[in-house]
Amino acid sequence: MAFTPKILAFAGSTRIDSYNKKLVKIAATGAKAAGAEVTYLDLRDLPLPLFDEDLEAQEGLPANARTLKDLMISHQGFLIASPEYNSSVTGVLKNAIDWVSRPSPNEAPLAAFADKVATIMSASPGGLGGLRGLVHLRSILGNIKVLVLPDQVAISKAYEAFNPDGTLKDPKQQQSIEHLGDRLTKILLKLN
């Protein structure tokens, strides 16, 4: 049986009309076209308390953190669109990573992250398109054993970049985001 890469696609935003949710869906289209099975996740659907070791000690891993962790474990790759907040990643994204990174009994360290492959991207109203935040995201993921591919795309002036249907107005930008999903799929196929 041929290997089909499984990719989890999500944005580090919970805003309903998030530019980054639109962006990661475009990348997911590219991954699907290349032969991947893609699961789109909206972090809004898995609300998490702020990471707190006392809470963890008293109640264990929150149910939504366990659901997210299981999703991440069951996928080989991640497509992550990360908004930039104050030149870094969002609290929502960092909090999700922090909860999922927590060890569980009889589980390898960083089970949801080790040996995974990720592609990162961003969309921002600002002129840099969120590039400063991607530097931090790349560092965080690399330090928890995720191989982050060098290809990344940042879309500036996001408030005017998208069509009403969620596609990008600029065909070259649309193609570059689809290519991120395509590239991740092809790398996963080569690795497996």
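The close-ups below come from a predicted model, in which local features need pLDDT of at least 70, side-chain atom pairs count only at pLDDT 80 or more, and totals for chains, interfaces and linings use all residues. Residues are numbered from 1 along each chain as its sequence is written, and side-chain values use heavy atoms, with hydrogens and water left out.

**View 1**
E107 pairs with K69 in a salt bridge whose closest N and O atoms lie 2.5 Å apart; the term stands for a side-chain nitrogen of Lys or Arg within 4 Å of a carboxyl oxygen of Asp or Glu. This pair ties together distant parts of the chain, as E107 sits in the loop between α4 and β4 while K69 belongs to helix α3 (residues 63-73), 38 residues apart. Helices (H or I, at least four residues) and strands (E, at least two) are DSSP runs, numbered from the N terminus. A search of the whole structure finds 11 salt bridges.

**View 1. Helices α4 and α5 side by side.**
Two packed helices are described by the angle between their axes and the distance between the axes. For α4 (residues 91-100) and α5 (residues 131-143), the axes come within 12 Å and cross at roughly 0 degrees. Axes are lines fitted to C-alpha atoms, for helices over the stretch in contact, and angles run from 0 to 180 degrees between N-to-C directions. The two helices are therefore roughly parallel to each other, a label for angles under 35 degrees, with over 145 counting as roughly antiparallel, 65 to 115 as roughly perpendicular and the rest as oblique. On the α4 side, L93, K94 and I97 make the contact, and on the α5 side L137, I140 and L141 do; contact means heavy atoms within 4.5 Å. These residues divide into 5 nonpolar, no polar and 1 charged. Ala, Val, Leu, Ile, Met, Phe, Trp, Tyr, Cys and Pro count as nonpolar, Asp, Glu, Lys and Arg as charged, and the others, Gly among them, as polar.

**View 2. Along helix α4.**
Stay with α4 and look for its buried residues: L93, N95, A96, I97, W99 and V100. Their cover includes β1, α2 (53-59), α3, β3 and α5. K94 forms a salt bridge with D98, with 2.7 Å between the closest N and O atoms. Because they are 4 residues apart in α4, K94 and D98 are separated by about one helical turn. K94 is partly exposed at 32% relative accessibility, and D98 is partly exposed at 23%.

**View 3. The nonpolar cores.**
In soluble globular proteins, nonpolar side chains tend to be buried together. The largest nonpolar core here holds 28 residues, and L23, L79 and I177 have the most contacts inside it. Such a core is a set of buried Ala, Val, Leu, Ile, Met, Phe, Trp, Tyr and Cys residues joined through side-chain atoms within 4.5 Å. Two or more residues each come from β1 (6-11), α1 (19-33), β3 (77-81), β4 (117-123), β5 (147-155) and α6 (171-191). Helix α1 gives the most, with 6 residues. A second, separate core of 25 residues includes L41, L46, V100 and F113.

**View 4. Two loop residues with positive phi.**
Most residues other than glycine have a negative phi, and most peptide bonds are trans. N86 is not a glycine, yet has a positive phi of about 50 degrees. N86 lies in the loop between β3 and α4 and is exposed, at 78% relative accessible area. L110, also not a glycine, has a positive phi of about 55 degrees and is found in the loop between α4 and β4.

S124, in the loop between β4 and α5, counts as buried at 12% relative accessibility. Leaving aside neighbours within four places in sequence, S124 is in contact with G129, G130, I155, S156, K157 and A158. D182, in helix α6, is buried with a relative accessible area of 18%. With neighbours within four places in sequence again left aside, D182 is in contact with G30, A31 and A34.

Conventions:
Buried < 20%, exposed > 50% of the residue type's maximum accessible area, 1.4 Å probe, protein only.
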